[in-house]
Amino acid sequence: MAKPTASYRPRRLQLRDGRTVTLRAISPADAPEIAQAFERLSADSRYSRFMQHKRQLDPAALDRGVNPRPGRDFAFVATVPANDGIDIVGAAQYVRVGEDDPSTCEFALTVAEDWRGSGLARQLLASLVRRARHDGYTRMEGTVLADNSKMLALARRLGFKAQSEADDAGVVQVERAL
């Protein structure tokens, strides 16, 4: 069962390509930057992340994303300095799967186009796994498009097992014990 979430101290990460980001917990003040980050994603990236064609970010979903429920949800953002303050170049979150299963959370991950291949996705997902374990979850799962080979490979490298969905060949369920 998940326990109340403790605060997360921001930290700087150097990625394998040499660039540096600040990894920190998301906050309500990040909403405008999350919206900007969404606008910078390609149509293919939006489809991979949301598993549907999405032209705009739903305001209610944005509000839920920047206001995680303590002890149930958590979200990281990876930021870099920008002329207007910061840019969010990556985000990862987990949410409790359901009221009837407080031990399992589902993850989602997004990385900006020009940050792919930098090692950011691996850092985000590994940090999310550690955070979910710290918060009392014992299992993490995610849904990945079957043709998203890079995400499936990353999940496998981090100990997730993949299984095709019986009713949807285009989707793979990944899961691991924490």
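## Surroundings of Met-140

In this predicted model, Met-140 is in contact with a set of residues beyond its neighbours within four places in sequence. These partners are Tyr-94, Cys-105, Phe-107, Leu-128, Val-129, Ala-132, Phe-160, Val-174, Glu-175, Arg-176 and Leu-178.

## Nonpolar cores

Met-140 belongs to the largest nonpolar core, which has 37 residues. Along with Val-21, Trp-115, Leu-120, Leu-124 and Phe-160, Met-140 is listed among the residues with the most contacts inside this core. Two or more core residues come from each of the following elements: strands S2 (20–25), S3 (74–82), S4 (85–98), S5 (101–111), S6 (139–145) and S8 (168–177), together with helices H4 (120–134) and H5 (149–157). Helix H4 supplies the largest share, 7 residues.

## A buried arginine

Arg-72 lies in the loop that runs between helix H3 (59–66) and strand S3. With a relative accessible area of 17%, Arg-72 is buried, because the value is under 20%. The side chain of Arg-72 forms a polar contact, at 2.5 Å, with the side chain of Glu-99.

## The buried face of helix H1

Helix H1 spans residues 31–40, and its buried residues are Ala-31, Glu-33, Ile-34, Ala-37 and Phe-38. Viewed down the axis of H1, these residues fall within an arc of 160°, and they therefore line one face of the helix. In general, an α-helix has 3.6 residues a turn, so residues three or four places apart point the same way.

Note on methods
Residues are numbered from 1 along each chain as its sequence is written. This is a predicted model: local features need pLDDT of at least 70, side-chain atom pairs count only at pLDDT 80 or more; totals for chains, interfaces and linings use all residues. Side-chain values use heavy atoms; hydrogens and water are left out. A nonpolar core is a set of buried Ala, Val, Leu, Ile, Met, Phe, Trp, Tyr and Cys residues joined through side-chain atoms within 4.5 Å. Buried means under 20% relative accessible area, exposed over 50%, partly exposed in between (1.4 Å probe, protein chains only). Helices (H or I, at least four residues) and strands (E, at least two) are DSSP runs, numbered from the N terminus. Contact means heavy atoms within 4.5 Å. A polar contact is a pair of N or O atoms within 3.5 Å; within protein, one must be able to donate a hydrogen and the other to accept it, and residues adjacent in sequence count only if both atoms are side-chain atoms. The arc is that of the directions from the helix axis to the C-beta atoms.
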